[in-house]
Each structure stands twice: as C-alpha cells, then as structure tokens.
Amino acid sequence: MNNKNNKKVFLSVAFLILSIFSTITWNIAYHHDFHISGLPEMFGFLLKTVVFFTLYMIAYKFLTFFGRSENILQTKGRFINFTWSKKNILTITAVLFAVYFIYLIIFYPGVCNYDTTNEIMDLTTKNHPLPYGWITGQPKVSALMNDHHPITCTVIFTAFYEFGKLLGSANLGIFIYNLIQSFLTAFAFSLMICSMDRWNRKVKHIQTVSFFFLAIMPFVPMYVVNMVKDSLFGFIFVIYFTYYMLILFEGADRRKLLVIIITSLLLSLTKKTGLYIIIICNLALLLRKPVRKSIQCVVHVSISILVPAIILMIIFPKILFPALNIYKGGPQEGINFCLQQVSRVVYDNEADLSEEELATIDKIIPLEKIRSDFNHTTADGVKIHFNYYATSEDISDFMKLWFKLFFRYPNKYIEATLGTSGSYFIPNKSISVYTKLVDNSIGIYSPKGTEKFRNEFTEVYNTLCNIPGLNLLFSLALYCWIIPVICIIYLIKQRDWSSLLSLIPIILSIMVLFITPLTYGRYAVVHFYTIPLILGLFASPRTSEEKKTPEA
C-alpha cells in the first residue's frame with residue numbers, strides 16, 4: 001500500500017473513531033446513556049455515526065483547503081499590515097481596543113458573574129460563607145479570604161473595586177479594570193496575529209480572517225469586557241501560547257524565555273489548573289533539540305516550572321495562608337468529576353453497592369442529597385453538598401472506592417463525564433455570554449438606562465445562535481473540539497511533528513474540559529481566543545526556509 005493510500009486509511013479510521021465518540025456523546029447529552037439497548041436505538045446510533053463521519057470529512061476538506069489556499073482572499077491593499085513590527089502590532093492593538101471600548105461603553109462598566117462578586121465579597125466582608133454557603137447548614141469561616149477561587153484574582157478584582165469606591169463609585173473601579181483588560185487583550189491578540197507571519201509566510205488570509213473574527217464575533221468582545229477570572233487567564237494564555245509557538249518554530253532566546261517565565265507564573269496564579277498545564281507544556285519544550293542543548297534555555301525552562309510550583313505548592317499553603325489567615329479551598333473542585341461519577345453509580349445502581357461502600361460515600365456526599373439533587377448535566381448538584389468536615393482519611397477511602405468502582409461501572413463513569421462536558425464536543429450548545437453585572441449587594445450594577453439595549457442584544461445574540469448553519473459559528477464545539485482535533489489529525493497525516501508539539505497547550509486545555517463541572521462558555525475562552533493560531537497550522541507543512549524566519 002502506497003503512502004497516499006496509507007493517509008486515506010488513517011483519515012478514515014481517525015474520523016470513524018471521532019464519529020463514534022460524537023455519537024456516544026450526543027446520546028448521553030440527550031438520553032443520559034449510550035442509548036443502544038434495542039434494534040431501533042442501534043440503527044439510530046449507526047445513522048448518527050454516518051452523519052458525524054460525513055460532517056468531519058466536510059470540515060476537514062474545508063479547513064485544509066482554506067489553510068492551503070493562500071490566495072483565497074485578496075491580501076493586496078489591506079488597510080492593516082499583519083507583518084511583525086512594532087508599528088503594525090500597535091496599530092492592530094489600537095483598532096481592536098477601539099472596538100472593545102465601544103462594547104465597554106455600551107455595557108458600562110462591563111459585565112461579570114457570581115464568581116467575581118463572590119470573590120469581592122469574600123475579601124471585603126472577611127466573614128464570608130464557604131463557596132456554596134447559600135446551602136442551608138453549610139459552615140462559615142472567619143478568614144481574610146477563601147482560596148476556593150485563586151487568591152490572585154480575588155486580590156486584583158477587589159483592589160479595583162475598592163479603588164473605584166475611593167473615587168466615589170465602585171462601578172468606576174470595575175470600568176477601569178475592564179478598560180485595562182481590554183487593552184491588554186487587544187495587545188495579546190495583535191501579538192498572536194502578527195506572530196503567525198514569523199513562522200509561516202502563507203497565512204496572510206488567515207491573519208485577515210482572524211482579525212475580523214476577533215473584532216466582530218460578539219462573544220469575543222463580550223468576554224474581553226468581562227471581569228471574570230477566565231478572561232484574565234485568557235489573554236495571558238494567548239501571550240504564552242504565542243511565544244510557546246515562536247520558540248518551537250524559531251528557537252529560543254532570552255526575550256522569549258523571559259515571556260514564558262512570566263506568563264507561566266501568571267497562568268499558575270490565575271487558574272487552579274494553570275500550574276499543571278504549564279508544567280507539562282514547558283517540559284515539552286525540552287523535546288526540541290535546540291532548546292534542550294542550550295544550557296541557558298534549560299535553566300530558563302526549569303525556572304518557568306519550579307518558581308510557580310514552589311509558590312503554589314509551598315509558599316502559599318505553608319507560609320502565606322497561615323500568616324494571613326487565608327482559608328485553604330476544599331478538594332471538591334479538584335475531584336468534582338470523581339464526585340459526579342460515583343454519584344452516578346449511586347443514582348443508578350445503589351442497590352448493588354455494599355453497606356460499607358455506601359458508608360464511605362456518605363462521609364463525603366450525603367446519600368440522600370445524591371438521591372434528590374443528582375443532575376446529569378452538572379456536577380454542582382452533588383458538589384455543593386461536599387462534607388467540609390471530611391477527614392483526609394475519609395477522602396482517601398473515597399478515592400480508593402472511586403478507582404475500584406471504575407472497573408465495575410466504566411459505562412456509568414463515561415456517562416457521568418460526558419453528561420457534564422459533552423457539549424464541548426458536539427455542536428449542540430452555543431457560547432453563552434454575560435450582558436450585565438451581577439450585584440450581590442456590593443454596590444456594583446448595570447445602569448437602568450442600558451437595560452433595554454442589553455435585553456435586545458441578548459435577544460439578537462440568541463437569535464443568531466439559533467439560525468441553522470450560522471449557529472455553528474457560535475458553537476462551543478467548533479472551537480473546543482472540531483477545529484483543534486481536525487488540525488491534530490491533519491498534522492499527524494502530514495507528519496509535521498513540530499507543529500503538533502506546538503498544540504500541547506490546547507490539547508491539555510481540551511483535557512481539562514472533560515473534567516469541568518458543567519458546560520459554560522467562559523470555560524472555553526482560551527479556545528476561541530487562540531483559534532487563529534490553530535488555523536495557521538493548516539497552512540503547513542512549512543518549508544525549511546519558512547522555519548528560519550528572522551526575528552524583528
């Protein structure tokens with residue numbers, strides 16, 4: 001069999017596997033199980049698999065055609081030049097910032113959700129309920145703040161909130177924060193778009209489309225003006241990912257490595273999963289021979305891993321938290337998917353479990369709460385009932401049982417996982433946006449004068465999300481799964497291993513989506529923020545000359 005036929009077989013097998021996964025996910029999303037118990041269900045399973053296979057093949061053909069057709073758009077006479085230079089980067093930043101500024105004025109002073117206002121309440125009241133304190137009977141803590149949310153985000157958000165109060169309006173503090181975030185995000189996007197010119201000269205059309213995507217698609221500006229930890233993490237991730245790719249394609253120098261060190265630290269400080277992502281990604285940089293053969297590079301990469309790890313694992317919990325009376329967040333967030341999986345087993349097969357096993361579970365999540373509050377689509381239904389008084393031994397016993405039950409009920413574990421995360425992987429859910437501030441009685445509010453416009457914007461946005469065909473552009477799955485996974489398959493087919501290595505940050509971000517407690521648009525911010533870089537990889541394979549693009 002020749003190489004061409006091998007590639008066709010590889011594509012067919014890859015898309016068949018993807019199609020089966022998509023069909024399973026679809027069934028779980030709509031029926032809460034595999035839905036293959038009878039002949040009609042099995043026929044439906046087969047039919048949906050064929051449909052998904054066809055859709056994946058069409059998407060693959062379109063993306064590869066678009067990526068390789070550098071003249072698909074007229075690039076001469078563009079009003080903006082996307083080549084890497086300080087002038088071009090600042091120009092693109094200014095244009096994007098102007099767009100985001102319009103959104104910020106219209107939605108003054110910006111938008112946020114309950115997480116943000118809870119963080120501000122946490123630090124300003126100093127006697128705030130635990131993360132799910134609105135549940136009757138849950139304890140309160142008297143502490144400076146709670147590490148349930150990253151304390152870095154809590155401090156930053158509260159600082160701007162208090163600064164606004166000093167100026168006479170808490171809203172003004174929120175506005176100033178969102179103004180700064182809008183500029184920094186526009187700058188990050190500008191770096192990302194222009195950087196593509198450095199590692200691939202055949203991406204002019206992709207740069208043009210990316211620029212308009214980041215400016216026009218409404219969910220992008222709405223998250224840019226959103227005071228939420230995911231948006232803060234998001235623009236930092238864009239800068240990190242941009243320089244990560246530059247190191248892989250151009251080689252490392254002191255400036256790039258310094259950016260990696262700084263952004264690695266910031267990513268670790270602004271999201272709980274950030275540390276684990278950067279450890280794996282930065283270690284992967286050492287797979288490139290030019291990086292690992294340079295002592296300077298190895299030292300810088302080691303610093304980018306060790307400094308965040310020491311701060312997050314030693315300095316914060318062992319020194320800072322006790323000294324400042326910061327309450328360490330419970331383990332329920334890190335094991336939320338385990339709680340959901342075991343709860344699914346209890347919900348469906350409680351009679352099959354021994355009294356000892358049930359007692360082990362009951363020490364972590366009360367059985368009556370699982371029976372009454374289990375929800376197939378969100379882990380929050382059971383997570384909010386986590387027993388904060390559970391000992392480390394109780395949690396250890398629970399985790400041993402969780403591992404044991406996997407081998408007895410693998411289907412229930414899959415159903416529980418895809419029940420909460422499945423909409424990231426099938427095109428059945430749109431990217432949700434926030435259009436107002438959530439007050440929580442802390443003195444921030446969306447002005448009444450803009451309420452009518454905000455309601456009309458929401459109505460128009462929801463209409464766009466439901467127009468057949470167009471709604472795919474607003475789908476979570478397009479950015480979280482369809483484009484990235486097709487790109488991965490394309491690069492494997494092309495044997496472009498350096499480009500594939502550059503996708504490790506996105507691959508890890510996708511893996512994180514599998515263990516999120518529910519499907520939210522804000523959890524996918526890094527995916528639609530960085531989609532231009534992924535589209536740029538479809539213009540590969542790059543020639544050796546193109547890989548040696550000089551730095552500006």
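**Exercise 1.** Within what distance do the axes of helix H15 and helix H18 come, and at roughly what angle do they cross?

This is a predicted model, in which local features need pLDDT of at least 70 and side-chain atom pairs count only at pLDDT 80 or more, while totals for chains, interfaces and linings use all residues. Residues are numbered from 1 along each chain as its sequence is written, and side-chain values use heavy atoms, without hydrogens and water.

*Step 1.* The axes (lines fitted to C-alpha atoms over the stretch in contact, with angles from 0 to 180 degrees between N-to-C directions) of H15 (residues 355-362) and H18 (residues 392-408) come within 9 Å and cross at roughly 125°.

*Step 2.* H15 is therefore oblique to H18 (angles under 35 degrees count as roughly parallel, over 145 as roughly antiparallel, 65 to 115 as roughly perpendicular, the rest as oblique).

*Step 3.* On the H15 side, Glu-357, Thr-360 and Ile-361 make contact (heavy atoms within 4.5 Å) with Asp-397, Phe-398, Leu-401, Lys-404 and Arg-408 of H18. These residues comprise 3 nonpolar, 1 polar and 4 charged.

**Exercise 2.** Classify the arrangement of H10 and H13.

*Step 1.* The axes of H10 (residues 254-270) and H13 (residues 295-324) come within 9 Å, crossing at roughly 15°.

*Step 2.* The two helices are therefore roughly parallel to each other.

*Step 3.* Their contact residues divide into 13 nonpolar, 5 polar and 1 charged.

**Exercise 3.** Which residues does Ile-486 touch, leaving aside those up to four places away in sequence?

*Solution.* Ile-486 touches Phe-15, Tyr-56, Ala-59, Tyr-60, Leu-63, Trp-481 and Phe-538.

Technical notes:
Helix = DSSP H or I, 4+ residues; strand = E, 2+ residues; numbered from the N terminus. Nonpolar A, V, L, I, M, F, W, Y, C, P; charged D, E, K, R; others polar.
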